[in-house]
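User: I am new to this structure. Please walk me through its salt bridges.

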Amino acid sequence: MKLIPLFGIRLFLVITLYGSTHSYCQLTDTLAFPVQHKGNQFLRKFAIPTVMIGLGIYGTTDNNIINHDEIREERFEYFPGFTNKADNYLQFAAIPAVFVMDAFHIKATHVIKEQLWLLGKSQLIMFSLVYPLKQWTHVLRPDSSANNSFPSGHTAQAFLAATFFYKEYGKKYPVLGIGMFTVATGIGILRILNNKHWISDVLAGAGIGILSVELASLLPSLKQLNKHKISASLVPSYRSGHFNMTALVNLP
């Protein structure tokens, strides 16, 4: 099969990731209007990440639509020596951006305690999905460095951070929200250009990142827990090269 030009690959990535998340932003913005049906609420929150995870799973199969082998071949043809470590740091960029805006007293959706609680829940869900999947699927990375390629943890983290930012400031500042999703999309592209992930890994990781925040937003807030006299805290830790989060809940 004739290889797709690199421009086509990059356009496909941008349309798939950025286009999907831009639609997600538009869907999320409907929060300003009453939700009349539970089906509409489910569509608004979960359709986009579900489709992206589905595309990632589909990309692991032998198909002619999302062919990660062809994309990898073009990567070697056009960027054989490409390496850039920016993705290791930019994956978190949207998170400190939230707290910087808080520091300048720019009104967010939640107060800082609730922001930290939402972020902690989201991270916990994301870790609980990404790392078991990596061990269970046992997919070899493109550079053959390890058998933990699927899904992309960097991309999941980047889209989690972008979704977290959008939850807090995206409705009031939509351009900034879309900008954060654009950065997250760039992380996914860098993971492929750095030969660390297949496109299927990136698609699934993006979906998981968005899904984690949406699921976390359905869990009780600190205010709701306090009403039932339940105290909760999140304890971060770093072990064996991985950042982890542990939830501690004290029941009355």
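Analyst: A salt bridge here is a side-chain nitrogen of Lys or Arg within 4 Å of a carboxyl oxygen of Asp or Glu. This is a predicted model: local features need pLDDT of at least 70, side-chain atom pairs count only at pLDDT 80 or more, and totals for chains, interfaces and linings use all residues. Residues are numbered from 1 along each chain as its sequence is written, and side-chain values use heavy atoms, with hydrogens and water left out.

User: How many residues apart in sequence are the parts that lysine 45 and glutamate 214 tie together?

Analyst: Lysine 45 lies in helix 2 (residues 38-59). Glutamate 214 lies in helix 9 (residues 199-218), so the pair ties together parts that are apart in sequence by 169 residues. Helices are DSSP runs (H or I, at least four residues), numbered from the N terminus.

User: Are lysine 45 and glutamate 214 buried or exposed?

Analyst: Buried means under 20% relative accessible area, exposed over 50%, partly exposed in between (1.4 Å probe, protein chains only). Both lysine 45 and glutamate 214 are buried.

User: Which residues are linked in a network of salt bridges?

Analyst: The structure holds 4 salt bridges. The network links Lys45, Lys167 and Glu214.

User: Where does lysine 196, which meets aspartate 143 in a salt bridge, lie?

Analyst: Their side chains meet at 3.0 Å, N to O. Aspartate 143 lies in the loop between helix 6 and helix 7. Lysine 196 lies in the loop between helix 8 and helix 9.

Methods: Helices (H or I, at least four residues) and strands (E, at least two) are DSSP runs, numbered from the N terminus.
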